[in-house]
Amino acid sequence: MARSGLTAERLVRAGAELADEVGFDEVTVSALARRFEVRPASLYWHLASSQELKTRIALLALEELADRAALALAGRAGRDALVALGDVYRDYAREHPGRYAAARFRLDPETAAASAGVRHAEMSRAILRAYDLAEPDQTHAVRLLGSVFNGYVTLESAGGFDHSTPDSQASWERIMDALDALLRHWPAPTGVPTGAPNVDTGDRPE
């Protein structure tokens with residue numbers, strides 16, 4: 001029988017807290033059952049597997065991050081918006097390291113398409129409108145922002161900058177300056193002269 005008081009939502013939130021404490025990789029239905037001092041079978045009334053638990057924690061983390069980002073970006077544009085978005089990811093990783101790791105959990109295409117991950121991409125593209133980037137460069141830039149934010153935050157969280165100078169905050173600020181400058185002066189594709197017209201080389205019917 002399902003234990004009274006336990007619901008899928010309560011278990012997912014407890015799983016998210018557990019991830020922050022011990023690491024997302026260590027979160028399983030069995031570990032969560034020990035937290036509630038019940039048998040794992042009691043939780044399988046609400047969660048089909050540890051995979052489902054991790055997926056739900058990932059969706060929760062993406063939603064929380066998206067909500068924070070939306071608040072931080074309100075009324076901002078250009079560099080201010082760029083920095084605000086980066087700071088949201090960095091601060092969330094500091095406060096919730098396990099949930100931040102969960103936000104990068106691989107989801108199946110259907111689940112990903114229905115998740116708050118879509119909002120993250122939309123907010124990144126909204127920031128890039130101030131830099132007047134057209135496709136496919138806008139997509140390249142979205143991937144660049146994700147790579148820089150996530151890469152820096154992951155290295156920082158692992159202590160990668162603890163034993164060198166200048167401090168991590170100074171580097172973060174300079175990186176934001178560099179990203180802003182790059183986005184304002186986005187390079188043309190290699191081998192294409194600046195200002196050259198786009199040439200359609202695709203096959204077409206005669």
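In the predicted model, Arg99 makes contact with Ala16, Glu17, Ala19, Asp20, Leu60, Ala61, Glu64 and Tyr92, when neighbours within four places in sequence are set aside. Arg99 belongs to helix α6. With a relative accessible area of 9%, Arg99 falls under the 20% limit and is therefore buried.

Helix α5 comprises residues 78-95, 18 residues in total, and extends 26 Å between its first and last C-alpha atoms. This is close to the 26 Å expected at 1.5 Å a residue.

Apart from residues within four places in sequence, the contacts of Ala93 are Tyr100, Val153 and Ser157. Between Ala93 and Leu60, which are 33 residues apart along the chain, the C-alpha separation is 14 Å. Leu60 itself is in the contact list of Arg99.

The largest nonpolar core contains 58 residues, of which Leu32, Leu43, Ile57, Leu82, Leu128, Phe149 and Leu183 touch the most other members. At least two residues of this core come from each of α1 (8-22), α2 (29-36), α4, α5, α6, α8, α9 and α10. Helix α4 supplies the largest share, 11 residues. Around Leu32, the contacts are Leu11, Ala14, Gly15, Leu18, Leu43, Leu47 and Leu53, with residues up to four places away in sequence not counted. Leu43, one of these contacts, is also listed with Leu32 among the core residues that touch the most other members.

Helix α8 has 12 residues, and its end C-alpha atoms are 17 Å apart. This agrees with the 16 Å that a helix of 12 residues should span at 1.5 Å a residue. His120, Met123, Ser124, Ile127 and Leu128 are the buried residues of α8. They lie on the same side of the helix, because the arc they cover around the axis is only 145°. The elements covering these buried residues include α4, α5, α9 and α10.

One joins Glu135 and Pro136, with omega about 5°, and Pro136 is located in the loop between α8 and α9. Another joins Thr165 and Pro166, with omega about -5°; Pro166 is found in the loop between α9 and α10.

Positive phi values also occur in loop residues other than glycine. Glu37 has phi near 55° and is part of the loop between α2 and α3 (40-43). The relative accessible area of Glu37 is 72%, which is over 50%, so Glu37 is exposed. Asp132, likewise not a glycine, has a positive phi of about 55°. Asp132 is placed in the loop between α8 and α9, where Pro136 is also located. Asp132 counts as exposed because its relative accessibility of 70% is over 50%.

In an unreviewed UniProt entry, residues 5-65 are listed as "domain: HTH tetR-type". In the model, this span is 70% helix and 0% strand, and the C-alpha atoms at its ends are 28 Å apart.

The average pLDDT of the protein is 91, and 91% of the residues score at least 70. Over residues 198-206, pLDDT stays under 50. For this segment, the model has 0 contacts beyond four places in sequence. Where pLDDT is low, the predicted coordinates should not be read in detail.

Technical notes
Residues numbered from 1 in each chain as written. Predicted model: local features only at pLDDT ≥ 70, side-chain atom pairs only at ≥ 80, totals over all residues. Heavy atoms only, no water. UniProt positions renumbered as here; feature names shortened; annotations may be inferred. Helix = DSSP H or I, 4+ residues; strand = E, 2+ residues; numbered from the N terminus. pLDDT = per-residue confidence, 0-100. Contact = heavy atoms within 4.5 Å. Expected span 1.5 Å × (residues − 1). Buried < 20%, exposed > 50% of the residue type's maximum accessible area, 1.4 Å probe, protein only. Core = buried A, V, L, I, M, F, W, Y, C linked by side-chain atoms within 4.5 Å. Arc of directions from axis to C-beta.
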